Amino acid sequence: MIQVMSRRKTCQRNFLDASLGAPVIPGCYEQSREWVMLKERWVVYASFLIIFAFTTVDASISPMVLPLHRHFGVSMDEILLLISSCTAGIVLGVFWGPMLTRSVMLSRLVVVTVAAMVLGVAGFLAFPSFAMAVVFRFVFGLGGGIMASLMWWLTFHGVSKANYQAMVNVLMSARPLAAALGVPFATIVAAKSAWHSPFLLFAVLILGCGALLYAQTGKVTQTIEKWEAKSLLRDYGMALGQPQAMPFYLGMVFSKACYFGIYAIAGIWFYRHYGLQLLEVGSRLFFIGMAEVAMTFAAPYVLRYFGYVKTLVGSIVLSAAVFLVLVKAYCPLWGATLLFVVFVGLDRVISMALTLSLPKMFPDVDNRAIFGSLVTLSAWMGLALVSYLEGDNLARVGLGAVEWGLLASFVFGSCLICYVQRVRVFSLMD
């Protein structure tokens, strides 16, 4: 056994040395390659579970407003501040994440981000003070935002070409799957036991997968650069300085504020319009989330079949019409659930279309990854802004005013997006 283990370690070391030009020991290549591929698969699995767990914890506030309102002794509207504080942390983490992944050892960054997420959940559960809960939710979001950038680094630099597509699938599918499966599961656990049980469960999952990710990435080859905040700010400034970039990303903030805004108040919305409790809200969110997952994979085929311009404009117009009927609550519960399903499905189509158009919208810039980062930042900024405004004003202005505000935000943002698309993209598509 000792000889076998020694041979395996020798082959593993030789495989790494061979990548730097050293001769390959006979019989070692295939064995060592299989070992490295197995390591990478564990990275993929751990990455998916961390994003899945983080998104579930992040999104579970919306359906749990009623038990959280009872626990913290604040209004259901104020509970939405737990969403905005977490999202503010995500925005900050995503903003600085690209610089951190270039200037900090990957293994250390894994430890820091996982510790921030676990500490954020632990503090949120341990302190009865709502103000402290808001602070710890920010810490949790900050860790998750940096972790998202770390995942993108692993996608492009940390895994081989054979596992690249798997990592991309993880990044694209983990969030909608968490909304479809993780959040309903969390509501069921909370309804059957206690509200804090699913948060504790997913914190343990984050900790375990973080330990696995640390073990598997501790020896990843990485070039450490000097921390230079100016270079990152310069990249963002360059991107926003492109023609029509500012109105496009402003449009993204406002249009995404509607999508995230209605999801943020889903628990309140279903409770006040239809009297649904925790478990019933969770069951509706399951169908809504499954539609989002389905359209994530179906959107490219829809775009090819109907054409880019017709699909984008048609999806935006139909989304506004569906949302108008939805917020007026003219339909029974099953009809409202169906409209919710259609709305989030159309958002997936719109998001996919806009992401695919980025290279044509900004063709003269080599660093196109920065435009993708700005899309993510715009979406999270929309959520941070709208959840804060909802939590601060919902009790004062009423649910109806908030619904109309979300619709106006969607229309305004979509008009900005369509203007930029017409000027820079429509003539180049289809």
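Author: A residue is called buried under 20% relative accessible area, exposed over 50%, and partly exposed in between (1.4 Å probe, protein chains only). This is a predicted model, in which local features need pLDDT of at least 70 and side-chain atom pairs count only at pLDDT 80 or more, while totals for chains, interfaces and linings use all residues. Residues are numbered from 1 along each chain as its sequence is written, and side-chain values use heavy atoms, with hydrogens and water left out.

Reader: How many residues of α5 are buried?

Author: Helices are DSSP runs (H or I, at least four residues), numbered from the N terminus. In α5, 17 of the 23 residues are buried, so this helix is largely enclosed by the rest of the structure.

Reader: Where does α5 have a kink?

Author: The bend at a residue is the angle between axes fitted to the seven residues ending there and the seven starting there. In α5 a kink of about 50 degrees lies at Gly 97, shortly before the proline Pro 98.

Reader: Is Ser 357 buried or exposed?

Author: Ser 357, placed in helix α15 (residues 333–361), is buried, with a relative accessible area of 0%. By contrast, Trp 334, also placed in α15, is exposed at 63%.

Reader: With which side chains does the side chain of Ser 357 make a polar contact?

Author: A polar contact is a pair of N or O atoms within 3.5 Å; within protein, one must be able to donate a hydrogen and the other to accept it, and residues adjacent in sequence count only if both atoms are side-chain atoms. The side chain of Ser 357 makes one with the side chain of Tyr 308 (3.3 Å) and another with that of Gln 421 (3.2 Å).

Reader: At what angle do α13 and α14 pack?

Author: Axes are lines fitted to C-alpha atoms, for helices over the stretch in contact, and angles run from 0 to 180 degrees between N-to-C directions. Helix α13 (residues 278–306) meets helix α14 (residues 308–328) at about 115 degrees, with axes 6 Å apart. Val 302, Leu 303 and Phe 306 of α13 and Tyr 308, Lys 310 and Thr 311 of α14 make this contact (heavy atoms within 4.5 Å).

Definitions and conventions
Helices (H or I, at least four residues) and strands (E, at least two) are DSSP runs, numbered from the N terminus.
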